[in-house]
Amino acid sequence: MKQLIQIVPNLPPQVSGVGDYALQLASELRSCHGIETSFLVGNPSWSGPDEVQGFKVALLDRIHCKVGLADKDHAGVLLHYVGYGYSKRGAPLWLLGWLRTLLRASPRPKLVTFFHELYAFGPPWRSSFWLAPLQRFVCRELARLSDTRLTNRADSAKILRQMAKAEAFSLPIFSSLGEPQEMPKLAQRQPQMVVYGGLSRLPHDAEFARTQLSELCVNLGIKRVVSFGKASIAPFAVDLPIENRGVLSVEEIGALLLQSRAGYIDYPMFCLAKSSIFAAYCAHGVLPVLLRSGCAEAEGLREGEHLLTAENSACATDAHLRQQIASACRIWYQTHCVAEIAQFIVRRLTTP
């Protein structure tokens with residue numbers, strides 16, 4: 001069986017969206033491609049078990065590059081890059097040096113890097129403003145070292161191409177909450193809208209948000225809002241009954257999504273391709289709802305075709321159109337489901 005090293009900032013039981021993503025990918029690679037993953041965790045404070053979900057886990061030795069890639073059965077290295085995951089200031093120079101040492105091995109292992117984030121930016125009174133040049137430097141050097149560069153947004157892929165003077169691929173992320181094969185139509189589901197993580201942007205414009213969301217829910221035939229996750233929704237946030245269920249298991253969330261007609265997401269449209277919650281809505285056939293309109297098109301997503309916004313909710317009264325939108329979202333998602341991304345990575349690892 002081929003062996004793959006995946007380098008991650010963190011893994012469960014610590015909260016880690018990137019870790020969840022890497023674990024699900026490892027399961028797909030094992031079950032469908034005969035590739036076994038061993039994880040190296042880059043967070044020095046990691047104190048988790050030496051095995052997670054049946055995969056070997058070790059703390060990455062920052063000083064000595066001990067990986068053991070001489071075995072001819074090694075498929076290579078898959079790095080999941082998030083600058084702040086490996087360095088408090090988002091510029092892990094140590095990781096850059098570590099990888100340079102690794103890639104001097106003979107035979108040279110293939111390095112595939114998934115850039116979940118590139119670098120930060122902000123106003124002059126934020127540290128991200130002053131650290132951005134160093135973060136860009138690390139990102140650029142990693143892009144140049146990598147044999148394959150992946151990211152989750154077309155805009156990010158364009159930046160990576162400019163940095164590396166080589167190809168970079170945009171692959172929106174898949175659902176970390178499962179991918180059911182069969183699902184009920186919207187009309188067969190309960191008249192409820194799900195919300196993950198509360199409604200964090202509402203306090204800044206609460207009256208507008210309440211009015212717009214309430215009107216949208218009426219047009220959708222929604223009778224209640226169900227929140228899950230650590231954050232909860234205040235009773236005044238929307239003019240409907242609100243049920244806060246708190247933290248749920250993956251199985252419980254999957255069942256909740258299949259029971260729900262719509263799912264609200266507090267994300268700008270141009271960032272949807274990097275949202276695991278949006279991916280989960282698409283995978284479960286839930287109608288995605290945003291508060292405000294965004295750009296005309298992002299990652300192939302179009303308002304009114306793949307999602308609805310509370311600002312323009314008049315079309316939400318058409319049940320046939322609502323189902324068309326939910327179905328179109330799932331079709332869009334299938335092009336980068338976990339099976340497709342695993343297959344893509346396998347091709348990049350095995351291409352001479």
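**Close-up views of a predicted model**

**View 1. A salt bridge between E117 and K274.** In this predicted model, the side chains of E117 and K274 meet in a salt bridge, with 2.9 Å from N to O. E117 lies in the loop between β6 (111–115) and α4 (127–145), and K274 in the loop between β12 (260–264) and α8 (276–283), so the pair ties together parts that are 157 residues apart in sequence. E117 itself counts as partly exposed, at 37% relative accessibility. In total, the structure holds 10 salt bridges.

View 2. Elsewhere, salt bridges that share partners join R100, R140, E141 and R144 into one network. Within it, the side chains of R140 and E141 meet at 3.5 Å, N to O; R140 is partly exposed, with a relative accessible area of 27%, while E141 counts as buried at 14% relative accessibility.

View 3. Q53, a residue other than glycine, has a positive phi near 55° and is placed in the loop between β3 (51–52) and β4 (55–59), where its relative accessible area of 56% makes it exposed. K165 is likewise not a glycine and has a positive phi of about 55°; K165 lies in the loop between α5 (154–164) and β8 (169–170) and is exposed, with a relative accessible area of 71%.

**View 4. A cis peptide bond at P12 and P13.** The peptide bond from P12 to P13 is cis, with omega near 20°, and P13 lies in the loop between β1 (2–8) and α1 (17–33).

Note on methods:
Residues are numbered from 1 along each chain as its sequence is written. This is a predicted model: local features need pLDDT of at least 70, side-chain atom pairs count only at pLDDT 80 or more; totals for chains, interfaces and linings use all residues. Side-chain values use heavy atoms; hydrogens and water are left out. Helices (H or I, at least four residues) and strands (E, at least two) are DSSP runs, numbered from the N terminus. Buried means under 20% relative accessible area, exposed over 50%, partly exposed in between (1.4 Å probe, protein chains only). A salt bridge is a side-chain nitrogen of Lys or Arg within 4 Å of a carboxyl oxygen of Asp or Glu.
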